[in-house]
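Here is a short note to read alongside the model. Please keep the structure open as you go through the points.

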Amino acid sequence: MFAAYFDCPGGPENLYMKEVMKPSPGQGEVLVKVSASALNRADLLQRRGKYPPPEGASDILGLEAAGSVAGLGPGCRGRWKMGDAVMALLSGGGKIQEGETVLIHAGASGVGMAAIQLVRLAKAIPIVTAGTQEKRKATANAGAAAGFNYKNEDFSEKVLEFTQGSGVDIILDCVGGSYWEKNLNCLSTDGRWIIYGLLSGGEVHGDLLARLLSKRASIHTSLLRSRDKEYKERLVRAFTEDALPYFSGGASPRLQPLVDSVYPLHKIAEAHRVMEENKNIGKIVIEMPVCFKKGPLL
Ligand SMILES: NC(=O)c1ccc[n+]([C@@H]2O[C@H](COP(=O)([O-])OP(=O)(O)OC[C@H]3O[C@@H](n4cnc5c(N)ncnc54)[C@H](OP(=O)(O)O)[C@@H]3O)[C@@H](O)[C@H]2O)c1
């Protein structure tokens, strides 16, 4: 089978398509014939050698996959059959209540565009930050109630204006260090600040703890890749029950996968470059020739 590969950590130019051994599925796993994958910022970090796969996980680049079941490991018979269409994500603390306001940073990112729709599904109010007017427009189309360009305005002031001074209940933050002070300016009393990425780095200079305490606010952090199989299975089950019905059929509101662009696997370096330059709005999809992966399934 073919996979995106690099021999030494570095830039997108190190990537190439390589023929590798087909994996065999272990206990409770199925083998998936991958027809498409999608880029994730974690792939860029892994390529640079800054995010190694957790122990026991495949070292093949790519965390997301859609395809069909092509092999069954022990314990899978009865649950899955050959040819079943599947999608997979390989490898708390922020339960949203109806009516809450949620500030989503990098609103036009792959994660951000999905988060806007899921916040709407929870009957809460998504507002976003984004770096261009085009991205703000795209987030509004996806359901954002307001959007602020963090490059030419102070998003915390705008958020306070929008919430009439009370601040947001939740911040979904993949930016980290450079936003800490503005985040605390516009987080409500008892608000939850959920950190799931550190695009600007993790260093904080200032009185973070005092500011946090004065608002009785809490910080939650989340990483998916290093979670155990049981956690991922629970997550997949919850997503299957709570979100999947909204992608098809008559359920409303309708959830939509928002695709920025599609690249064939042999152009993987180009796709990484587009993401690294912050050009994508939504997901970058990678089309596979023939590929297999193991992991928890939807
Ligand atoms: N914790 C987890 O389990 C988990 C899982 C998946 C993804 N993630 C994280 O989620 C984040 C988004 O991933 P993605 O794949 O959706 O990303 P993406 O589509 O590549 O979008 C990222 C966007 O973030 C903005 N950005 C980049 N650097 C920034 C900076 N220094 N300050 C402010 N904004 C910046 C850019 O948009 P603008 O033009 O608007 O600036 C960029 O397009 C990444 O940090 C990723 O590592 C975490």
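1. Surface. The protein exposes about 15300 Å², and carbon and sulfur atoms supply 53% of it. Accessible areas come from the Shrake-Rupley method with a 1.4 Å probe; for residues, only the protein chains shown count as cover. Of the 298 residues, 45% count as buried. Buried means under 20% relative accessible area, exposed over 50%, and partly exposed in between (1.4 Å probe, protein chains only).

2. Basis. This is a predicted model: local features need pLDDT of at least 70, side-chain atom pairs count only at pLDDT 80 or more, and totals for chains, interfaces and linings use all residues. Residues are numbered from 1 along each chain as its sequence is written, and side-chain values use heavy atoms, with hydrogens and water left out.

3. Fold and size. The protein has 8 helices and 13 strands. Its radius of gyration is 20 Å, close to the 19 Å that the globule rule gives for 298 residues, so the protein is as compact as a globular protein of that length. That radius is taken over C-alpha atoms; the rule is 2.2 Å times the number of residues to the power 0.38. Helices (H or I, at least four residues) and strands (E, at least two) are DSSP runs, numbered from the N terminus. The C-alpha trace spans about 55 × 40 × 35 Å along its principal axes.

4. A buried glutamine. Q46 sits in helix α1 (residues 41-47). Its relative accessible area is 5%, so Q46 is buried. Leaving aside neighbours within four places in sequence, its contacts (heavy atoms within 4.5 Å) include F6, Y51, D59 and R225.

5. Cysteines. How many disulfides does a search of the whole structure find? It finds 0. A disulfide is a pair of cysteine sulfur atoms within 2.5 Å. The sulfur of C174 is 15 Å from the closest cysteine sulfur, in C186, which is too far for a bond. C174 is buried at 8% relative accessible area, and C186 is buried at 0%.

6. Backbone. Most residues other than glycine have a negative phi, and most peptide bonds are trans. The bond from S252 to P253 is cis, with omega near 0 degrees; P253 lies in the loop between α7 (229-242) and β12 (259-264). K123 has a positive phi of about 60 degrees. K123 is in the loop between α2 (110-121) and β7 (125-130) and is exposed at 54%. N278 also has a positive phi of about 60 degrees. N278 is in the loop between α8 (268-276) and β13 (283-294), partly exposed at 45%.
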